[in-house]
Structure formats: C-alpha cells, structure tokens
Amino acid sequence: MSNAIKEVSVSADKNKVAKIIGHVISKGGVGKSTMTTFHAMRLAQQGHSVLVVDIDTQEDFTKFYIPPEHLSAVKRECLSSADLVNAKRRTDTIKVAPSYIENVDVIPADETLLTERNTQIDRSGAGHEGADRQKAVKDWITQTTKDMRSYLTSLPYDYIFLHFSPATTMLQNMFIFCLDVAFIPIENDFREMDMANKTLTRLRVSRNQFVPTVNAFVYINKYEKPAQYRVNTSPLDNSIKRIESTYKSNLIKPFIPLSQTIARASMERRAPWVKPPSGRANKVGQTVKQALDEMSSKL
C-alpha cells in the first residue's frame, strides 16, 4: 500500500470508544478550519490518535491537508464523508489518508455528498405521500445519523474531528447530531450570538434524541482587545461583557487573538506555539495553546 493511503480496522474493544468533536457555527470566516487544524495538531502532539472527517463539499480542508500528488488516489480508494451517509465502504477495514500533520489522518470530503443525501432521501420517501413521506424521510435521517455515529465511534482513534461547512443544512444537522462535544467560535461581536444560540438549540435536540451526554462550549476567536476612550467604554468592550454574561461557565478562556501569527502558521501547516518568533508572536502562540488545552480539558 502506498504512503498516500492508510488502512485501519474497526476496534474490537467495546470499551475503547472514539470521542467526536466539532468546531461548528453556521457562519463562514470565523476560523473553524484553522481551529480544527490546531486542535487536532495539539492532541496529536500529546500522543493521541486523531482523525478529521471533512464534511465540507468544497473540499478545501481535504485539498489543503492531503499532498496534491496523493489526492486522486485518496479520492479513489478512501472512505469519504459521502460514504458515511450512503453506507458504502463502511466495512470492518477502511482506508484513510495520512495528512501533512503528523499523526492526524483524514477521511476526505466528496463533492457528491449532497447528491448522495438527496438520493437516499428520495429512496426513503419512495412510495409514500404527504405525512407518510415526511415520516419515512425523518426515520431515514434518524437511523442514518445513529448509524454514522456508531460507526465513527468504533474507529480506532482517540478523537475524531468533524470539519463543518458554514451552511445550515439538514446534512450538517445530521453530523451535528453525531457530536460528543461542540466548540462554537464567535468573533467578539454579540450579534453572532444568534448563530451560536441556533447551534446550541440543535445540540439540545441531539441531547434529547441522539447523544444524551453532548456538551457545548463557546469561545471568542479573532479577539481584539477593546480600545478605551476618554469619555466612555468601547462598544467592543460592551460586546465582550454581554458574551461573558450570556455564556458564563461555558465560555472558554483565554480568547484567541486576531493575529497574522495564527494565519501564517495555518498556511504553513504548523502549530503557532512551536518555536514561534520572540515577542508578541510567541505570546500569541502560547495563548492559542492555552485555549486549546482548556478546550481539551472539557473532552
């Protein structure tokens, strides 16, 4: 087998169950991909086995973290996120792709993911009309979600990250319902709290129907220290206070700062806390590591 592909077997140890994690919110540009990368990297550096499942049909994570010369073989031979939905290749032994990140494997995204979901919905609703069709489709969604979660937790990893797209879709909800722990990034603007609260609502549905122990935490990404003016406090400072008041013990600290140090490390596929330059860059890297360790303490 080439070094582009790695073969893994479903765990026979029923006491070893992978924990499913996601950085998720229905908004783009808040750093879900970056924080998924750094969190997976941090856990791998600490000796844990880590898998990332890319469920973004744009495939950006897949294309960025799998060497381009390996991509065609990976898409041809590996289990994909579309296969998780349609139950193909969900066998006792599967193929995954080692990523650029040491000790982190990837189940690649597939552009057919939405098509596969729609095909399965059409099949589940075939021969039914009205309320009967709605029930048949709902039953398919419920059973498929439970099957995907059961299969993922049986894979031989300590932690499995789901890499979410920013879209709010039925498909994304199905994967949200697989999570054990969700980390919800928002920028330091209380207007994004509405999106965070919608994600929390979906997790409450999951707690009732899918994962009774699911937990969720909010963190502020791209944090800018509020500026203080001579006359009154900064509007940004008021936003921070509102966020802190709303999420209280579920708010992860320290906050992730807005910094080119983080963007540069992500593009170079490296951790910002490993041998960063001195001065502010070093402080930024250490802040990211501390925040990730705080998240990991919640797992």
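1. A charge is taken to sit over a ring if NZ of Lys or CZ of Arg is within 6 Å of the ring centre and within 35 degrees of the ring normal. In this predicted model, Arg269 lies over the face of Tyr100, at 4.1 Å from the ring centre. Arg269 also lies over the face of Phe64, where the distance to the ring centre is again given as 4.1 Å.

2. Phe61 and Tyr65 both lie in helix H2, four residues apart, which corresponds to about one turn of the helix. The rings of Phe64 and Tyr65 have their centres 4.9 Å apart and their planes at 80°, and the pair is therefore edge-to-face, because an angle over 60 degrees counts as such.

3. Tyr65 counts as buried at 4% relative accessibility, whereas Phe64, at 23%, counts as partly exposed.

4. Helix H2, which spans residues 60-65, also holds Thr62. Thr62 is buried, with a relative accessible area of 1%, and its side chain reaches the backbone nitrogen of Ala109 at 2.9 Å. Leaving aside neighbours within four places in sequence, Thr62 is in contact with Asp54, Leu71, Pro108 and Ala109.

5. Turning to the whole protein, there are 11 helices and nine strands. The radius of gyration is 20 Å, close to the 19 Å that the globule rule gives for 299 residues, so the protein is as compact as a globular protein of that length. Taken along the principal axes, the C-alpha atoms fill a box of roughly 70 × 50 × 35 Å.

6. Buried residues make up 53% of the 299 residues, and the accessible surface comes to about 14100 Å², of which 47% belongs to carbon and sulfur atoms. Among contacts between residues at least 6 apart in sequence, 77% join residues at least 24 apart.

Note on methods: Residues are numbered from 1 along each chain as its sequence is written. Side-chain values use heavy atoms; hydrogens and water are left out. Helices (H or I, at least four residues) and strands (E, at least two) are DSSP runs, numbered from the N terminus. Buried means under 20% relative accessible area, exposed over 50%, partly exposed in between (1.4 Å probe, protein chains only). A polar contact is a pair of N or O atoms within 3.5 Å; within protein, one must be able to donate a hydrogen and the other to accept it, and residues adjacent in sequence count only if both atoms are side-chain atoms. Contact means heavy atoms within 4.5 Å. Rings of Phe, Tyr and Trp (its six-membered ring) pair if their centres lie within 6.5 Å; planes under 30 degrees apart count as stacked, over 60 as edge-to-face and the rest as tilted. The radius of gyration is taken over C-alpha atoms; the globule rule is 2.2 Å times the number of residues to the power 0.38. Accessible areas come from the Shrake-Rupley method with a 1.4 Å probe; for residues, only the protein chains shown count as cover.
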